[in-house]
Protein chains: 2
Amino acid sequence: MPLKPGKAVRGSNSGRPIMVLLDALGQRWTLRIIWELRDGPHTFRLLQSRCEAVSPTVLNTRLKTLRSLNLVETTSTGYALSQQGEALLEKLSPLNKWSEDWAKTL
Amino acid sequence: MPLKPGKAVRGSNSGRPIMVLLDALGQRWTLRIIWELRDGPHTFRLLQSRCEAVSPTVLNTRLKTLRSLNLVETTSTGYALSQQGEALLEKLSPLNKWSEDWAKTL
DNA sequence: ATCGTTGCTATCTTTTTAGTAGCGAGGGGC
DNA sequence: GCCCCTCGCTACTAAAAAGATAGCAACGAT
């Protein structure tokens with residue numbers, strides 16, 4: 001059951017891209033993996049250690065999904081964000097700054 | 001174990017706000033709930049039906065978390081994004097358009 | 001008082017995620 | 001060739017989260 005725009009996902013059978021995206025990003029570690037790839041390619045094991053020892057089972061599952069969604073690709077030096085992945089990260093990276101301001105209000 | 005900036009979350013004990021945020025948003029339905037609140041307050045049950053019958057158990061858990069994170073608040077007409085929640089949604093809403101372009105590349 | 005709707009809890013099942021061990025492939029040194 | 005190390009990754013099992021369903025107490029309108 002691969003995740004793919006146009007296909008139903010959990011919680012939405014519309015197949016609308018945003019729903020597919022929200023479903024993918026809502027799986028644990030997905031957002032984090034994209035985040036950790038922000039400064040360049042990482043090997044599987046390095047990525048694993050950056051994500052505080054996420055289990056290889058999950059990491060590999062996520063990487064498979066992210067590759068099938070064309071957000072991550074394998075390079076000679078390890079896993080890296082694809083062009084699309086970079087674009088997505090660009091949309092997400094303002095969250096870093098925002099989250100710090102947000103934290104102050106708590 | 002409430003989610004809160006400054007405190008360890010699963011996968012990061014740094015307490016950095018971005019990690020707390022990524023952890024929160026990476027829980028299933030969280031992103032979707034924020035998304036569904038984009039056009040105004042909704043009652044618990046309406047929100048539930050908008051999220052294609054998400055179980056009340058999970059919905060309530062998420063709403064509790066989102067309230068404790070100051071992203072959602074209760075109003076006379078139901079659950080609504082707080083000021084912070086609106087700000088977050090603003091950061092996320094470009095994803096809708098982006099996701100459509102992205103979907104074309106698949 | 002009855003009815004419908006609300007937010008929500010209790011209970012149980014299923015799915016997902018976590019944790020750990022270790023394999024086969026490849027590279028380097030010798 | 002052989003040893004040793006690191007690599008990506010799979011297998012297996014345990015724990016945690018999410019899903020599904022039933023239903024209760026509180027409120028408002030009739």
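Which residues line the second largest cavity? In this predicted model, the lining of the second largest cavity is made up of A:Arg28, A:Trp29, A:Leu31, A:Arg32, B:Val9, B:Arg10, B:Met19, B:Leu22, B:Asp23 and B:Gly26. The space in this second largest cavity comes to about 110 Å³. Two elements, α2 (30-36) of chain A and α1 (17-25) of chain B, each give at least two residues to the lining of the second largest cavity. The largest share, three residues, belongs to α1(B). Sorted by class, the lining of the second largest cavity holds five nonpolar, one polar and four charged residues.

**Cavities**

The whole structure contains four cavities of 30 Å³ or more. The largest cavity has about 130 Å³ of space. Its lining consists of A:Val9, A:Arg10, A:Ser12, A:Met19, A:Leu22, A:Asp23, A:Gly26, B:Arg28, B:Trp29, B:Leu31 and B:Arg32. In the lining of the largest cavity, α1 (17-25) of chain A and α2 (30-36) of chain B are the elements that give two or more residues. With three residues, α1(A) has the largest share of the lining of the largest cavity. Five nonpolar, two polar and four charged residues make up the lining of the largest cavity.

**The contact between chains A and B**

How many residues does each chain bring to the contact? Chain A brings 41 residues and chain B brings 41 residues. The area buried between chain A and chain B is about 3,900 Å², and 68% of that area lies on carbon and sulfur atoms. On the chain B side, B:Arg28, B:Trp98 and B:Trp102 supply 18% of the area buried against chain A, which is more than any other three residues supply.

A:Arg10 sits in the segment before α1 of chain A. Apart from neighbours within four places in sequence, A:Arg10 is in contact with A:Asp23 and B:Arg28. A:Arg10, A:Asp23 and B:Arg28 are also among the residues that line the largest cavity. The C-alpha atom of A:Arg10 lies 31 Å from that of A:Lys97, with 87 residues of separation along the chain.

**DNA strand C**

There are 17 residues around DNA strand C, and those that come nearest are A:Arg10, B:Phe44, B:Arg45, B:Asn60 and B:Tyr79. Of the atoms of DNA strand C that come within 4 Å of the protein, 56% belong to sugar and phosphate. The surface near DNA strand C takes at least two residues from each of α4 of chain A, α3 (44-50) of chain B and α4 of chain B. By class, that surface has six nonpolar, five polar and six charged residues.

**DNA strand D**

Around DNA strand D there are 16 residues, of which A:Phe44, A:Arg45, A:Asn60, A:Tyr79 and B:Arg62 come nearest. Sugar and phosphate make up 58% of the atoms of DNA strand D that come within 4 Å of the protein. At least two residues of the surface near DNA strand D come from each of α3 (44-50) of chain A, α4 (56-68) of chain A and α4 (56-68) of chain B. The surface near DNA strand D divides into six nonpolar, five polar and five charged residues.

**Polar side-chain atoms and the DNA**

| Residue | DNA atom | Distance |
|---|---|---|
| A:Trp29 | phosphate oxygen, DNA strand C | 2.7 Å |
| B:Arg45 | base oxygen, DNA strand C | 2.5 Å |
| B:Asn60 | phosphate oxygen, DNA strand C | 2.3 Å |
| B:Arg10 | phosphate oxygen, DNA strand D | 3.2 Å |
| B:Thr57 | base nitrogen, DNA strand D | 2.8 Å |
| B:Arg62 | phosphate oxygen, DNA strand D | 2.6 Å |

On DNA strand C, the side chain of B:Arg45 approaches a base oxygen, whereas the side chains of A:Trp29 and B:Asn60 approach phosphate oxygens.

Key. Residues are numbered from 1 along each chain as its sequence is written. Chains are lettered from A and ligands numbered from 1 in the order in which they are written. This is a predicted model: local features need pLDDT of at least 70, side-chain atom pairs count only at pLDDT 80 or more; totals for chains, interfaces and linings use all residues. Side-chain values use heavy atoms; hydrogens and water are left out. A residue is near a molecule or strand if one of its heavy atoms lies within 4 Å of it. A polar contact is a pair of N or O atoms within 3.5 Å; within protein, one must be able to donate a hydrogen and the other to accept it, and residues adjacent in sequence count only if both atoms are side-chain atoms. Helices (H or I, at least four residues) and strands (E, at least two) are DSSP runs, numbered from the N terminus. Ala, Val, Leu, Ile, Met, Phe, Trp, Tyr, Cys and Pro count as nonpolar, Asp, Glu, Lys and Arg as charged, and the others, Gly among them, as polar. On a 1 Å grid over the protein atoms alone, a cavity is a set of points where a 1.4 Å probe fits but cannot get out, and a pocket is an open set with protein on both sides within 12 Å along at least five of seven lines; lining residues have an atom within 4 Å of a point. Grid points are joined across faces, edges and corners, and a volume is the space filled by probe spheres set on the points. Contact means heavy atoms within 4.5 Å. Buried area is the accessible area (1.4 Å probe) that two parts lose on being put together, summed over both.
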